[in-house]
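Here is a brief report on one model.

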Amino acid sequence: MTGLMQLLQIIGLGLVLLLPLTNPLTSIALLLGLSSNMSKVERNKQSFMASIYVFLIMFIAYYGGQMVMHTFGISIPGLRIAGGLIVALIGFHMLFPQHTDQESPEVVHKTKELRKDNSGNIAFVPLAMPGTAGPGTIAMIISSASSMKNNPLGFENWVLIVGPVVIFLIISVILWVCLRSSGMIMQIIGKSGIEAISRLMGFLLICMGVQFIINGILAIAAAPIVAHA
């Protein structure tokens with residue numbers, strides 16, 4: 001397999017893993033709920049800054065997350081189990097939303113809390129974190145970085161260096177486009193459409209979270225065998 005094909009493969013894999021977690025549709029509803037007092041220019045500025053923050057958060061998590069784990073003595077299996085629980089919990093709330101109104105279930109409580117204290121700067125909190133790059137996304141990135149370190153798929157070295165950066169850049173661009181087009185997307189899809197897509201992504205997150213937990217448990221179970229080998 002050529003390097004270019006490997007790059008496309010790792011980009012596709014990364015997008016499949018991260019897009020359900022980042023869920024730009026939730027960020028759209030969150031932006032619309034918190035930017036009612038903003039002009040179109042200010043809303044576009046917040047959208048652009050949020051996409052930059054998301055890229056930086058994912059970049060730092062991928063290249064610096066393992067160092068933080070070593071500093072605090074967190075193991076990879078422990079991270080996978082904790083990350084799996086977080087991802088599954090997020091997916092469960094998305095699949096079975098607890099709400100009584102017609103707002104997007106993931107942003108109702110955040111919108112109510114943050115609307116009271118709208119300082120005009122919502123790019124980092126809550127659009128970038130935790131709206132897009134939340135705990136589940138960060139856990140997924142750190143766990144993926146630890147897995148890719150051993151290069152189980154046999155990618156070329158330059159693919160492992162360039163691939164994650166391209167993935168994070170694409171996700172940031174997707175988020176920026178969605179936020180810039182938030183009004184039009186809401187009109188086309190509607191609140192019921194966003195809720196349906198959110199529930200589908202929630203099911204995927206539950207499956208991914210359970211698999212994370214299984215991988216963590218298997219790693220713990222295999223550790224004594226490896227030690228005595």
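## An exposed isoleucine

I60 is exposed, because its relative accessibility is 57%. The classes are buried under 20% relative accessible area, exposed over 50% and partly exposed in between, with a 1.4 Å probe and protein chains only. I60 sits in helix α3. Helices here are DSSP runs of H or I with at least four residues, numbered from the N terminus.

## Basis of the model

This is a predicted model, where local features need pLDDT of at least 70 and side-chain atom pairs count only at pLDDT 80 or more, while totals for chains, interfaces and linings use all residues. Residues are numbered from 1 along each chain as its sequence is written, and side-chain values use heavy atoms, leaving out hydrogens and water.

## The nonpolar patch

I60 belongs to a nonpolar surface patch with F48, I52, L56, F59, Y63, W158, I161 and V162. Nonpolar side chains (Val, Leu, Ile, Met, Phe, Trp, Tyr) are joined within 5 Å, and like charges within 9 Å.

Two helices, α3 (40-72) and α8 (157-180), each supply at least two patch residues. The largest share, six residues, comes from α3.

## The second largest pocket

The second largest pocket holds about 450 Å³ of space. Of its 21 lining residues, L13, L17, M140, S144 and M148 are the closest to the centre. Helices α1, α7, α8 and α9 each give at least two lining residues. The largest share is six residues, from α7.

A pocket is an open set of points on a 1 Å grid over the protein atoms alone, where a 1.4 Å probe fits, with protein on both sides within 12 Å along at least five of seven lines; lining residues have an atom within 4 Å of a point. Volume is the space filled by probe spheres set on the points, which are joined across faces, edges and corners.

## Buried positions

P20 lies in helix α1 (residues 3-22). P20 is buried, at 8% relative accessible area. Beyond four places in sequence, P20 touches L15, M201 and L205 (contact: heavy atoms within 4.5 Å). P20 and L205 are 185 residues apart along the chain, yet their C-alpha atoms are separated by 6.8 Å.

Two serines are also buried. S143, in helix α7 (residues 135-149), has 4% relative accessibility. S143 touches L79, R80 and F212, not counting residues up to four places away. S182, in helix α9 (residues 182-228), has 3%. With the same exclusion, S182 touches I28, L31, L32 and R43.

How values were computed:
Patches are made of residues with over 30% relative accessible area and no salt bridge: like charges are joined within 9 Å, nonpolar side chains (Val, Leu, Ile, Met, Phe, Trp, Tyr) within 5 Å. Accessible areas come from the Shrake-Rupley method with a 1.4 Å probe; for residues, only the protein chains shown count as cover. A salt bridge is a side-chain nitrogen of Lys or Arg within 4 Å of a carboxyl oxygen of Asp or Glu.
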